[in-house]
Amino acid sequence: SGGLGDIGRAIARAAAAAGHPVALGDLAPAAAAAPFLRELTALGARATYHRADVADPAAMDRWVAAVTRR
């Protein structure tokens, strides 16, 4: 979560550079995440984004389920 913030982006870049898949979540619309997803995939990582609010337990359940399915 917080994947589009400064710390979230730094963690995602490090994970992608190490060859790990990255699942980002944040409150921003998906279009706002698109440039960063392209950056991560250019590093060779599988990267996904889901708009999710950590204050909403049901939204978190949906996010984890979607990531698990992928």
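Two strands count as paired if DSSP finds at least two bridges between them. Strands E1 (residues 22-26) and E2 (residues 47-51) have 5 bridges, and they run in the parallel sense. Keep in mind that this is a predicted model. Overall, the protein chain has 3 helices and 2 strands, and reading along the sequence gives you α-β-α-β-α.

**Overall build**

- The radius of gyration of the protein chain is 11 Å, close to the 11 Å from the globule rule for 70 residues, so the chain is as compact as a globular protein of that length.
- If you want a box for the C-alpha atoms, roughly 30 × 25 × 20 Å along the principal axes will hold them.
- As for burial, 33% of the 70 residues of the protein chain count as buried.

**The strand pair**

- E1 is mostly covered, with 4 of its 5 residues buried.

**Charges and rings**

- The salt-bridge count for this model is 1.
- Arg13 and Glu39 form a salt bridge through their side chains, with 2.5 Å from N to O.
- Arg13 belongs to helix H1 (residues 6-17) and Glu39 to helix H2 (residues 30-42), so this pair ties together parts that are 26 residues apart in sequence.
- The cut-off for a salt bridge is 4 Å between the side-chain nitrogen and the carboxyl oxygen, so the 2.5 Å of Arg13 and Glu39 falls within that limit.
- On the accessibility side, Arg13 is partly exposed at a relative accessible area of 33%, and Glu39 is partly exposed too, at 31%.
- Buried means under 20% and exposed means over 50%, so the 33% of Arg13 lands in between.
- Arg9 lies over the face of Phe36, and the distance to the ring centre is 4.6 Å.

**Two loop positions**

- Pro21 is found in the loop between H1 and E1, and this residue is exposed, with a relative accessible area of 51%.
- Ala45 sits in the loop between H2 and E2, but here the residue is buried, at a relative accessible area of 7%.
- Between Ala45 and Ala23 there are 10 Å in space, C-alpha to C-alpha, and they are 22 residues apart in sequence.

Conventions
Residues numbered from 1 in each chain as written. Predicted model: local features only at pLDDT ≥ 70, side-chain atom pairs only at ≥ 80, totals over all residues. Heavy atoms only, no water. Buried < 20%, exposed > 50% of the residue type's maximum accessible area, 1.4 Å probe, protein only. Lys NZ or Arg CZ within 6 Å of the ring centre and 35° of its normal. Rg over C-alpha atoms; globule rule 2.2 N^0.38 Å.
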